[in-house]
Amino acid sequence: MVSLVQHVAIDCADAYALSLFWSSVTGSPTHPEDGPGAEETQVLLAEGPVLHFNQVPETKTIKNRIHLCLRPETSRDQEVDRLLGIGATFVADHRNPDGSGWVILADPEGNEFCVLRSDSDRRKPTHP
């Protein structure tokens, strides 16, 4: 017997607003019954578990112990620029001169996530 991951739960101050951000990040819709003021909302990913946003009274105070890692369809650097444009904030740069590495961003409530290289980035030859 095994267990399947049903949801990735994210605590937040404004469940609906944060679900709209992540809907834009993933290009996936929010649950049709969710709306402003909802204390629980979901982003319905095409594959894998649902992103479930749960409104809580306490604020985030430390680094996430679990976080999402995104592999974009475009280049990593183009996706970082796009995400910064829709409300993410820059946290740390772990890109290497050879093109490997990742960038850490945070969503509008401070939850960290990584942007990895895209498949096309990974196929590019590296030069020492």
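Strands E1 and E7 each contribute at least two residues to the lining of the second largest pocket (strands are DSSP runs of E, at least two residues, and helices runs of H or I, at least four, numbered from the N terminus). E1 gives the most, with four residues. The model is predicted: local features need pLDDT of at least 70 and side-chain atom pairs pLDDT 80 or more, while totals for chains, interfaces and linings use all residues. Residues are numbered from 1 along each chain as its sequence is written, and side-chain values use heavy atoms, without hydrogens or water.

The second largest pocket holds about 310 Å³ of space. A pocket is an open set of points on a 1 Å grid over the protein atoms alone, where a 1.4 Å probe fits, with protein on both sides within 12 Å along at least five of seven lines; lining residues have an atom within 4 Å of a point. A volume is the space filled by probe spheres set on the points, which are joined across faces, edges and corners.

The largest pocket has about 500 Å³ of space. Of its 16 lining residues, Val25, Thr26, Leu70, Arg71 and Pro72 are the closest to its centre. The largest share of this lining, three residues, comes from E4.

Leu83 is in contact (heavy atoms within 4.5 Å) with Val25, Leu70, Ala88, Leu105, Phe113 and Val115, leaving aside neighbours within four places in sequence.
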